[in-house]
Amino acid sequence: MIIHWKDSLHLLSKLTPRKAFNIAKVVSSYWYAKLTKKPVHWGLPISIAFEPTTSCNLRCPECPSGLRSFTRPTGMLPIEMYKRTIDELEQTLLYLIFYFQGEPYLHPQFLEMVQYASQKGIYTATSTNAHYLNDIQARKTVESGLSRLIISIDGTTQETYQAYRIGGKLAKVIEGTKNVIKWKRELKSQTPYILFQFLVVRPNQHQIDEVKELARQLGVDAVGLKTAQIYDYENGSDLIPTIDKYSRYRLGSDGKYHIKNQLLNHCWKMWHSCVITWNGYVVPCCFDKDAHYRLGDVSQTSFTKVWRSEKYTQFRQSLLEARSAIAMCKNCTEGTKIWA
């Protein structure tokens, strides 16, 4: 992964002795658990993801928000619950992601939430389709203190872009990107660090070099080439790239596609991070998109009680024993990206 030195320094500026001590506890307990197969945990998460909303303006074909296929309800994150959880974790939390499903900028108080965490010394990041980054929102984004802005751009022409980003307009993405870059310069701000995220699928794989050049022309900081998760991959898909390095799947001798990940019986994510849905469910990671593995509810109790609960401990134990038996893990590559 290529990270600009200014972004690295910005992240390090959020590190305090207490956060460093928590990181040491998390890392040591993870390795102890990995070696002993005992689900011990001595710290609190280094990173969490909060879901501002499940609503989205696009209809991407491999996304539950785009497909409107959730069994869980659609809604907006209550800011009081969010602030209460941040207040609880601010001394140990290093990295906060405002994203799970949906488009974060659809939440009317999204940038207020970003500012709240930023003012508490937490590194903040979000991922957006950039359709709502008008001039006013772009300025507010820079002023919020957002550390990292990931912009999904899956094509360099409208035809290619809309093959996956159904209902989207590439011109809006480029306009929104330009607006944020303009306000960074106007306000003389080093943040947010702007990344183009290019989800490599068969319809756009021929435009990888073009998106790098577009990013350079616009002044975007980096390009991330992300492999696509395909739900029904076994019989193949028109979205699976023909370039092997950009595919999570490999065609087997049986004529079926198989995930490249070996699914070893350990997972760093279960020790250092988690996801909190808009209505307070704590789920293990971003692969549990429909929140089937609900380990607790921060709308009903404190986060720390959930993190240290018997239910969470049992889940970590089941992963250490047989990760391949957990349904959401079967299509997991731990979010493979190739940074350009």
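Does Trp268 count as buried, exposed or partly exposed, and what is its relative accessibility? Trp268 counts as partly exposed, because its relative accessibility is 29%, where buried means under 20% relative accessible area, exposed over 50% and partly exposed in between (1.4 Å probe, protein chains only). The model is predicted, so that local features need pLDDT of at least 70 and side-chain atom pairs count only at pLDDT 80 or more, while totals for chains, interfaces and linings use all residues. Residues are numbered from 1 along each chain as its sequence is written, and side-chain values use heavy atoms, with hydrogens and water left out.

The structure holds 13 aromatic pairs. Rings of Phe, Tyr and Trp (its six-membered ring) pair if their centres lie within 6.5 Å; planes under 30 degrees apart count as stacked, over 60 as edge-to-face and the rest as tilted. Tyr30 and Trp268 form an edge-to-face pair, with 5.2 Å from centre to centre and 65° between the planes. This pair links distant parts of the chain, 238 residues apart: Tyr30 is in helix α2 (residues 17-36), and Trp268 is in the loop between β8 (257-259) and α10 (269-272). Helices (H or I, at least four residues) and strands (E, at least two) are DSSP runs, numbered from the N terminus. Tyr30 is buried, with a relative accessible area of 8%.

The pair of Tyr82 and Phe98 is tilted, because the ring centres are 5.8 Å apart and the planes are at 50°. Tyr82 belongs to helix α4 (residues 79-89) and Phe98 to strand β2 (residues 95-98), 16 residues apart. Both Tyr82 and Phe98 are buried. Ring pairs also link these two residues with Phe50, Tyr105, Phe110 and Tyr116 into a cluster.

Tyr105 is also one of the residues that Thr141 touches; the others are Leu111, Leu133, Leu146 and Pro192, not counting residues up to four places away in sequence. Contact here means heavy atoms within 4.5 Å. Thr141 lies in helix α6 (residues 135-143) and is buried, with a relative accessible area of 0%. A polar atom of the Thr141 side chain lies 2.7 Å from the backbone oxygen of Gln137.

Two exposed residues were also examined. Leu12, in helix α1 (residues 5-12), is exposed, with a relative accessible area of 53%. Gly167 is found in the loop between α7 (158-164) and α8 (170-186) and is exposed, with a relative accessible area of 58%. The C-alpha atoms of Gly167 and Ile230 are separated by 20 Å, and the two residues are 63 residues apart along the chain.

Notes
A polar contact is a pair of N or O atoms within 3.5 Å; within protein, one must be able to donate a hydrogen and the other to accept it, and residues adjacent in sequence count only if both atoms are side-chain atoms.
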